[in-house]
Amino acid sequence: MFEGFENFAIPTSGAAIHGVRGGSGPPVLLLHGIPETHLMWHKVAPALAANYTIVATDLRGYGASAKPPSDPDHAPYGMRALANDQVEVMASLGFNRFAVVGHDRGARCAYRLALDHPAAVSHLAVMDIVPTGDAYARADREFAHSYWMWAFLSAPEPVPEQLISAAPHVLVDFMLDNWPSQPRSFPDEVRAAYIAAFRDPETVHAICEEYRAAATVDVAADEADRGRRRIECPTLVLWGAKGMVARMYDPLAIWGAWASDLNGGPVDAGHFLPEEAPEEVLNHVQMLLQR
């Protein structure tokens with residue numbers, strides 16, 4: 001699936017991060033969403049590797065990356081901590097400046113990385129999100145119904161952990177079957193890998209902690225930066241034309257308050273853009289990287 005890529009496990013100051021690396025040329029970091037791992041890039045990474053050095057990682061708490069203990073304030077699973085992991089991984093690989101492409105939770109890590117480490121990020125792409133602070137500030141009845149996962153996963157421990165652990169396939173299958181416009185976008189072996197990850201109680205707890213952090217430390221970080229810091233590198237915003245982001249937001253208007261050099265638009269997909277519409281995503285990302 002990632003032919004020609006090599007696996008790595010790199011220790012950072014916060015967690016050991018697993019990933020794959022392949023290709024040659026300017027470096028590009030790919031970051032996944034939920035319920036996925038780095039495997040979500042299997043339709044995009046090999047093509048990008050023809051002209052770029054591609055690094056695709058499992059975020060802290062996901063896949064084969066470490067699941068360190070959390071704190072009462074959930075900060076070890078906030079996006080600031082996850083972004084620091086990725087900066088250290090790329091530095092260990094010899095890259096102090098690189099492009100970042102993120103989807104869903106990976107996109108939240110990506111824009112936090114661009115805000116906290118502007119010298120490290122040459123280009124930024126975020127897919128199918130608005131900033132966390134904006135999502136919560138605009139929360140209404142439709143948000144509560146469409147994004148009920150945010151409230152469920154951030155509920156106090158151990159409620160979501162125990163409910164998910166009783167039938168992990170139910171949650172993963174729900175996401176993979178209901179969020180895309182093309183549910184058959186996931187090969188059987190990839191779907192099985194996503195479900196297998198959710199059978200690990202440590203993974204489930206880590207993901208819940210990440211959502212608890214989103215509602216607390218991540219919102220606080222966004223509000224502290226609002227109107228004070230902007231993303232200055234070329235920034236691409238993509239969203240699924242058939243998904244919830246398209247229905248609920250004006251993504252470019254929202255991101256315009258955060259990014260100075262911004263473009264983007266809808267992709268013919270639901271939520272999982274790189275798996276549903278890999279060629280369209282690839283074209284957009286390649287145009288961004290050529291700027």
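**Cavities, core and backbone**

Tutor: The largest cavity has a volume of about 150 Å³. A cavity here is a set of points, on a 1 Å grid over the protein atoms alone, where a 1.4 Å probe fits but cannot get out. Points are joined across faces, edges and corners, and the volume is the space filled by probe spheres set on them. This is a predicted model: local features need pLDDT of at least 70, side-chain atom pairs count only at pLDDT 80 or more, and totals for chains, interfaces and linings use all residues. Residues are numbered from 1 along each chain as its sequence is written, and side-chain values use heavy atoms, with hydrogens and water left out.

Student: How many cavities of 30 Å³ or more are there?

Tutor: The count comes to 2.

Student: And which residues are closest to the centre of the largest cavity?

Tutor: D104, Y147, W150, W179 and H271, out of 14 lining residues. A lining residue has an atom within 4 Å of a point.

Student: Which helices supply at least two residues of that lining?

Tutor: Helix 3, helix 6 (148–153) and helix 11 (244–248) each do. Helices are DSSP runs of H or I with at least four residues, strands are runs of E with at least two, and both are numbered from the N terminus.

Student: Back to Y147. Where does Y147 lie?

Tutor: In the loop between helix 5 and helix 6. Y147 counts as buried because its relative accessible area is 14%. Buried means under 20%, exposed over 50%, partly exposed in between, with a 1.4 Å probe and protein chains only.

Student: What is Y147 in contact with?

Tutor: E142, M244, V245, M248 and Y249, leaving aside neighbours within four places in sequence. Contact means heavy atoms within 4.5 Å. S146, in helix 5 (residues 141–146), is in contact with M244, R247 and M248 on that basis.

Student: Switching to R105. Buried or exposed?

Tutor: Buried, because its relative accessibility is 1%. R105 lies in helix 3 (residues 105–116).

Student: What joins the side chains of R105 and E210?

Tutor: A polar contact of 2.7 Å. That term covers a pair of N or O atoms within 3.5 Å; within protein, one must be able to donate a hydrogen and the other to accept it, and residues adjacent in sequence count only if both atoms are side-chain atoms. R105 also touches H32, G33, I34 and W150, among others, not counting residues up to four places away in sequence.

Student: What about the nonpolar core? Which residues touch the most other members?

Tutor: W41 and L124, in the largest core, which has 97 residues. Helix 3 gives the most to this core, with 7 residues. A nonpolar core is a set of buried Ala, Val, Leu, Ile, Met, Phe, Trp, Tyr and Cys residues joined through side-chain atoms within 4.5 Å.

Student: What is W41 in contact with?

Tutor: Leaving aside neighbours within four places in sequence, its contacts include F2, L30, P46, M127 and P274.

Student: How many disulfides?

Tutor: The count is 0. A disulfide is a pair of cysteine sulfur atoms within 2.5 Å.

Student: Last topic, the backbone. Which peptide bonds are cis?

Tutor: The bond from I34 to P35 is cis, with omega near 5 degrees. Another cis bond joins E157 and P158, with omega about 5 degrees. P35 sits in the loop between strand 3 and helix 1. P158 is in the loop between helix 6 and helix 7 (159–166).

Student: And what is the phi of H74?

Tutor: Positive, about 65 degrees, although H74 is not a glycine. D128 also has a positive phi of about 65 degrees and is not a glycine. Most residues other than glycine have a negative phi, and most peptide bonds are trans.

Student: Where is D128?

Tutor: In the loop between strand 6 (121–127) and helix 4 (132–137). D128 is buried, with a relative accessible area of 4%.

How values were computed
1 Å grid on protein atoms, 1.4 Å probe; cavity = no way out; pocket = protein on both sides within 12 Å on 5 of 7 lines; lining within 4 Å.
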